[in-house]
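Please keep the structure open while you read.

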Amino acid sequence: GNVKFSGDARINYVEKEGLIKSQANLVARFSFSLEEAEQQKKNATFFELAKVCDQFIERCQSNLNRAYLEVTRLVSLADDKEKQSQAFRLMELALEEQLRLSRSQQLLEKLSLARRMWKANVSFQNALEYMVLSLES
C-alpha cells in the first residue's frame, strides 16, 4: 500500500534522486506517498503542466484576458481526467504559495467551484473559462 511519510522526508527523498530543489519541493507537496513521488518525478509532462498552471494562476491575478486565452493551452496539456485532476491540485498549490495576495482567497474559492463543476461532468475547458469569467465580475 501507500506508505505515508513526512514532508521533510519526501523532500530529501526526491532531492537525492537528483531533481532541482523547486521541482523536488513541488513533487513533495503534490505527492501523498513515496510511490506517487516516484511516478511524478519521472514525468516530464507533470512539470510542464505545473508551469502552465502557475502561469494561468498568475494571469488570473493580473490579466484576465490572457488568463482566458491560457485556458486553451492548459486544456491541451491536461488531456485526460487524471491530468485534469493534477492540474486542479497544482493550481491550488500555486495559490497556496501566494495567499498573502488579496485576490488569492477569492481565486481559491473560484478554483474550488471550477473543480466541483468539473467533477459534476462540466468539461475541464468550460469549468476553467467559467472561473476566469466569474473573476471579472
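1. Start with burial. Of the 137 residues in the protein, 43% are buried. Keep in mind that this is a predicted model. The count of secondary structure elements is quick: eight helices and zero strands. From the N terminus on, the order reads α-α-α-α-α-α-α-α.

2. Take contacts between residues at least 6 apart in sequence. Of these, 62% join residues at least 24 apart.

3. Which residues of α5 meet α8? Helix α5 covers residues 64-77, and helix α8 covers residues 124-136. From α5 come L64, N65, A67, Y68, V71, L74 and V75. From α8 come F124, Q125, L128, E129, V132, L133, L135 and E136. By type, the residues of this contact divide into 11 nonpolar, two polar and two charged.

4. Now the geometry of that contact. Two packed helices are described by the angle between their axes and the distance between the axes. The axes of α5 and α8 come within 10 Å. They cross at roughly 170°. Angles over 145 degrees count as roughly antiparallel, so α5 is roughly antiparallel to α8.

5. On to the aromatic rings. How many aromatic pairs are there? The count is three. One of them joins F46 and F47. Their ring centres are 5.3 Å apart, and the planes stand at 80°. Planes over 60 degrees apart count as edge-to-face, so this pair is edge-to-face. Both residues are buried: F46 has 0% relative accessibility, and F47 has 14%.

6. F88 and F124 form another edge-to-face pair. Here the centres are 5.5 Å apart, with 90° between the planes. F88 lies in helix α6 (residues 81-97), while F124 lies in helix α8, so the pair ties together parts that are 36 residues apart in sequence. Are these two residues buried or exposed? F88 is buried, and so is F124. W118 joins the picture too: ring pairs link F88, W118 and F124 into a cluster.

7. Check the cysteines. How many disulfides does the model have? The count is zero. C53 is buried, with a relative accessible area of 0%. C60 is buried as well, also at 0%.

8. Helix α4 spans residues 44-62 and holds R59. Is R59 buried or exposed? R59 has 19% relative accessibility; buried means under 20%, so R59 counts as buried. Leave aside the neighbours within four places in sequence, and R59 is in contact with L64, R66, A67 and E70.

9. K51 is partly exposed, with a relative accessible area of 44%. In sequence, K51 and A94 are 43 residues apart. In space, their C-alpha atoms are 9.6 Å apart.

10. Move to helix α7, which covers residues 102-119. R103 lies in this helix. R103 is partly exposed, at 24% relative accessible area. What does R103 touch, leaving aside neighbours within four places in sequence? R103 is in contact with C60, Q61, L64 and L135. Take Q61: 42 residues separate Q61 from R103 in sequence, yet the C-alpha distance is 6.6 Å.

11. K119 is also found in α7. K119 is exposed, with a relative accessible area of 61%. The C-alpha atoms of K119 and S85 are separated by 9.2 Å. Along the chain, these residues are 34 apart.

12. Finish with the loop between α7 and α8, where N121 is found. N121 has a phi near 75°. That is a positive value in a residue other than glycine. N121 counts as exposed, at 65% relative accessibility.

Conventions:
Residues numbered from 1 in each chain as written. Predicted model: local features only at pLDDT ≥ 70, side-chain atom pairs only at ≥ 80, totals over all residues. Heavy atoms only, no water. Phe/Tyr/Trp six-rings, centres within 6.5 Å; stacked < 30°, edge-to-face > 60°. Buried < 20%, exposed > 50% of the residue type's maximum accessible area, 1.4 Å probe, protein only. Helix = DSSP H or I, 4+ residues; strand = E, 2+ residues; numbered from the N terminus. Disulfide = S-S within 2.5 Å. Axes fitted to C-alpha atoms, helices over the stretch in contact; angles between N-to-C directions. Parallel < 35°, antiparallel > 145°, perpendicular 65-115°, else oblique. Contact = heavy atoms within 4.5 Å. Nonpolar A, V, L, I, M, F, W, Y, C, P; charged D, E, K, R; others polar.
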